[in-house]
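Hello,

Here is the structure I said I would pass on. My notes on it follow below.

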Amino acid sequence: DVSVTRRANYLYWASTDFNKLFRPARPHSARVTTLSPDLRTVSDLLDRAPDGLLLSLDIETRPQDNTLDCIGLGFYVRSTWHIYTVRIYGPDNLLVHSQRDLARFWRSLTAAFLNPRILWVGHNLAFDLSILHYNYRLPFPHRIHDTMLCMHRDNPFADKSLAHAI
């Protein structure tokens, strides 16, 4: 994997992995994944987001300049995750969507961030939200749940990668 486990954490991960062997696996949540959604559809979903909605957020950036490659959004509705991967740039470094559709998407995402009744969930949201705020001028959401911070509170000596969290 990308992240190397520190030697001091070997005992923790060995005991965790052995415990998994003796417990039955928990079923995953149902999910529907759309890898290249129509951007207007995603904007409409964000605009119609009901109060109390649980949304997940993850962004992927290019390491050389932190340019936003794609945004992953998950809507938790009726015990099912609906996951959309919104690509911003294609492999040819050109925008995938029209500027009009992107402007509407940014406006919808901003409104969803500003809705105090939506809970945003993600791993290492501090990084994702800082990129969206400083490079794209999006506001910070009112309510967030950062799984990396929760994991660090429970296991302060565990490595902070998502692979280790899982």
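The model is predicted. I start with a strand pair: E5 (residues 119-122) and E6 (residues 143-146) run parallel and are joined by four bridges. Within that pairing, leucine 119 lies opposite arginine 143 of E6.

H4 first. Its 12 residues should span 16 Å at 1.5 Å a residue, and the end C-alpha atoms are 15 Å apart, which agrees. Leu125, Asp128, Leu129, Ile131 and Leu132 of H4 are buried. They cover an arc of only 155° around the axis, so they sit on the same side of H4. Ala126 and Tyr134, on the other side of H4, are exposed. The buried residues of H4 pack against strands E2 (54-61) and E3 (68-77), helix H3 (99-114), E5 and E6. Just after H4, arginine 137 has a positive phi of about 60°.

Next, H3. This helix has 16 residues and reaches 22 Å between its first and last C-alpha, close to the 22 Å expected at 1.5 Å a residue. Buried in H3 are Asp101, Leu102, Phe105, Trp106, Ser108, Leu109, Ala112 and Phe113. Their arc around the axis is only 165°, which puts them on the same side of H3. The face turned away from that buried side carries Gln99, Arg100 and Arg107, which are exposed. The cover over the buried residues of H3 includes helix H2 (39-47), E2, E3, strand E4 (80-87), E5 and H4.

Regards

How values were computed: Residues numbered from 1 in each chain as written. Predicted model: local features only at pLDDT ≥ 70, side-chain atom pairs only at ≥ 80, totals over all residues. Heavy atoms only, no water. Pairing = 2+ DSSP bridges. Helix = DSSP H or I, 4+ residues; strand = E, 2+ residues; numbered from the N terminus. Expected span 1.5 Å × (residues − 1). Buried < 20%, exposed > 50% of the residue type's maximum accessible area, 1.4 Å probe, protein only. Arc of directions from axis to C-beta. Contact = heavy atoms within 4.5 Å.
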